[in-house]
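Subject: The structure we talked about, with notes

Dear colleague,

I am passing on the structure to you here, and below it you will find my notes on what was found in it. Please read them slowly, with the model open beside you.

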Amino acid sequence: MEKKTILVVDDSDEIRDALSEYLTRSGFNVITAADGDEMWEVFNQQEPHLIVLDIMLPGDDGLTLCSKIRLKSHVPIIMLTAVCDEVDRVAGLEIGADDYITKIFSPRELLARIKALLRRSLFSSTTPFNRKIAFLDWTFDTVKRQLIHSSGEVVQLSGADFSLLSLMLQHPNKVFSRDEIAQCVWGRDVEPLERGIDVQMSRLRKHFHDDARSIIITVRNKGYMLAVDSLYEA
């Protein structure tokens with residue numbers, strides 16, 4: 001089986017070395033970079049299977065780099081954030097990060113997050129859907145990972161958005177709890193008081209513009225539901 005390549009981007013020599021050693025022993029091929037310039041040099045030579053990206057970097061910070069990566073790739077991204085900075089965590093998810101972990105973490109916890117996102121990525125690439133699924137004024141292209149409006153507008157979906165919409169379209173009018181959504185998007189349960197799933201859902205809703213609240217419904221104290229009566233192959 002091909003080894004998965006993990007790109008670790010952090011300006012701390014200690015963190016890069018420690019994660020490189022641990023993830024290599026865990027069976028991954030690990031590449032490291034200290035800043036955005038080094039990251040792009042590596043990325044353009046060989047796109048990794050997953051990126052661990054620190055927010056606080058010299059030059060372009062992690063949020064800027066994440067946004068730029070999303071313009072060209074669906075690669076899963078785990079953001080490394082400050083312990084108490086919820087603003088950074090929310091911002092990372094809003095611009096396309098797939099998960100986040102605070103800077104004080106155990107390598108074992110990060111490894112679990114990496115494996116979960118790689119499993120989700122594999123699921124996303126083998127979705128049982130037909131090539132194109134149409135509903136209301138929208139068409140979901142599962143190969144190009146695009147959401148297309150009848151007006152001609154095309155929205156490119158990130159990995160998390162793609163997984164979340166795939167899940168809900170497989171079970172229209174089913175209410176999904178936050179834990180069920182977290183298992184699909186992150187491969188883990190939601191933590192107490194964690195806002196990440198609500199941020200992910202808000203990000204997906206924005207793609208639907210004025211139709212958002214009627215397509216994705218919030219069911220109080222239960223979760224979210226895709227309110228679509230009929231799906232058909234486009």
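A crossing of two helices is called left-handed if the near helix is turned anticlockwise from the far one by less than a right angle, and right-handed if it is turned clockwise. Helices (H or I, at least four residues) and strands (E, at least two) are DSSP runs, numbered from the N terminus. With these terms in hand, you can see that helix 6 passes helix 7 in a right-handed crossing.

Please keep in mind that this is a predicted model, in which local features need pLDDT of at least 70 and side-chain atom pairs count only at pLDDT 80 or more, while totals for chains, interfaces and linings use all residues. Residues are numbered from 1 along each chain as its sequence is written, and side-chain values use heavy atoms, with hydrogens and water left out.

To stay with that pair, helix 6 (residues 159–170) and helix 7 (residues 178–185) pack at an angle of about 130°, with their axes 9 Å apart; here axes are lines fitted to C-alpha atoms, for helices over the stretch in contact, and angles run from 0 to 180 degrees between N-to-C directions. Angles under 35 degrees count as roughly parallel, over 145 as roughly antiparallel, 65 to 115 as roughly perpendicular and the rest as oblique, and helix 6 and helix 7 are therefore oblique to each other. Where they meet, A160, S163, L164 and L167 of helix 6 are in contact with I181, C184 and V185 of helix 7, contact meaning heavy atoms within 4.5 Å.

Next comes helix 2, in which G36, M39, W40, V42 and F43 are buried; buried means under 20% relative accessible area, exposed over 50%, and partly exposed in between (1.4 Å probe, protein chains only). Seen down the axis of helix 2, these buried residues fall within an arc of 165°, so they line one face of the helix, the arc being that of the directions from the helix axis to the C-beta atoms. On the other side of helix 2, D37, E41, N44 and Q45 are exposed. The buried residues of helix 2 pack against strand 1 (5–9), strand 2 (29–33), strand 3 and helix 3. At the start of helix 2, a side-chain oxygen of D35 comes to within 3.2 Å of the backbone nitrogen of D37.

Helix 3 (residues 62–70) has G62, L63, L65, C66, I69 and R70 buried. Seen down the axis of helix 3, its buried residues fall within an arc of 160°, so they line one face of the helix. Their cover includes helix 2 (36–45), strand 3 (50–54), strand 4 (77–81) and helix 4 (86–94). D61 caps the N-terminal end of helix 3, with a side-chain oxygen 3.2 Å from the backbone nitrogen of L63.

Leaving aside neighbours within four places in sequence, R70 is in contact with residues including V75, G96 and S158.

In helix 4, D88, R89, V90, G92 and L93 are buried, and the buried residues of this helix pack against helix 3, strand 4, strand 5 and helix 8 (196–206). Just after helix 4, G96 takes a positive phi of about 125°.

Two loop residues remain. Most residues other than glycine have a negative phi, and most peptide bonds are trans. R145, in the loop between strand 7 (138–141) and strand 8 (146–149), has a positive phi near 60° and is buried, with a relative accessible area of 13%. N221, in the loop between strand 11 (216–219) and strand 12 (223–226), has a positive phi near 65° but is exposed, with a relative accessible area of 77%.

Methods: Polar contact = N/O pair within 3.5 Å; in protein donor to acceptor, adjacent residues only side chain to side chain.
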